[in-house]
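Biologist: Please take a close look at one part of this model for me. I would like the salt bridges and what surrounds them.

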Amino acid sequence: MFGGGGMNPRKMEQLMDQMGIDLDELDAVEATITLEDGTKLYFDDPEVTRMDAQGQETYQVVGEPEELEAESEEGESPAESGTGVPEADVEIVAERAGVPTETARQALEAADGDLAAAIDDLE
């Protein structure tokens, strides 16, 4: 479990315990990372390790990713409307507030995507 560059694995575990670091191997079947441009990195059967160091969790994914193109189907990509606001959210706000979709989209953008705040502002 521990590489340690020649250090005894048991000694490494003792040191990590003293420093408040816990490592857990997760039984992950797949992992997906979505990049800012919408591209997805898909890992099939990755090795995933969770490290908890004094309350801060860090995940390490090891494997060969397959790069998937940004999805363009309606409702799949948050930026599909070109504004960074999901169309489903726009429709919800428009219906709840009884306003046109463009007005709902503007309210969502002003509220940084917060549905409740956008509806509250429009009512």
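Modeller: Start with a pair of side chains: Arg-105 is buried, and Glu-87 is buried too. Keep in mind that this model is predicted. The two side chains meet in a salt bridge, 2.5 Å from N to O. Arg-105 sits in helix H3 and Glu-87 in helix H2 (residues 87–97), so the bridge ties together parts that are 18 residues apart in sequence.

Arg-105 has another partner. Its side chain also meets that of Glu-102 in a salt bridge, at 3.0 Å from N to O. Here both residues belong to helix H3, three residues apart, about one turn of the helix. Arg-105 has a relative accessible area of 11%, so it counts as buried, under the 20% cut-off. Glu-102 is partly exposed, at 42%. Shared partners join Glu-87, Glu-102 and Arg-105 into one network.

Helix H3 (residues 101–110) also packs on helix H4 (residues 115–122). Their axes are 8 Å apart, at an angle of about 120°. That makes H3 oblique to H4. The crossing is right-handed. On the H3 side, Thr-103, Ala-104, Ala-107 and Leu-108 make the contact; on the H4 side, Leu-115, Ala-118 and Leu-122 do. By class, six of these residues are nonpolar, one is polar and none is charged.

The whole structure holds three salt bridges. One of them joins Arg-50 to Asp-24, with the closest N and O atoms 3.5 Å apart. Arg-50 lies in strand E4 (residues 47–53) and Asp-24 in strand E1 (residues 21–26), so this pair links parts that are 26 residues apart in sequence. Arg-50 is partly exposed, at 24% relative accessible area. Asp-24 is partly exposed as well, at 35%.

Note on methods
Residues are numbered from 1 along each chain as its sequence is written. This is a predicted model: local features need pLDDT of at least 70, side-chain atom pairs count only at pLDDT 80 or more; totals for chains, interfaces and linings use all residues. Side-chain values use heavy atoms; hydrogens and water are left out. Axes are lines fitted to C-alpha atoms, for helices over the stretch in contact, and angles run from 0 to 180 degrees between N-to-C directions. Helices (H or I, at least four residues) and strands (E, at least two) are DSSP runs, numbered from the N terminus. Angles under 35 degrees count as roughly parallel, over 145 as roughly antiparallel, 65 to 115 as roughly perpendicular and the rest as oblique. A crossing is left-handed if the near helix is turned anticlockwise from the far one by less than a right angle, and right-handed if clockwise. Contact means heavy atoms within 4.5 Å. Ala, Val, Leu, Ile, Met, Phe, Trp, Tyr, Cys and Pro count as nonpolar, Asp, Glu, Lys and Arg as charged, and the others, Gly among them, as polar. A salt bridge is a side-chain nitrogen of Lys or Arg within 4 Å of a carboxyl oxygen of Asp or Glu. Buried means under 20% relative accessible area, exposed over 50%, partly exposed in between (1.4 Å probe, protein chains only).
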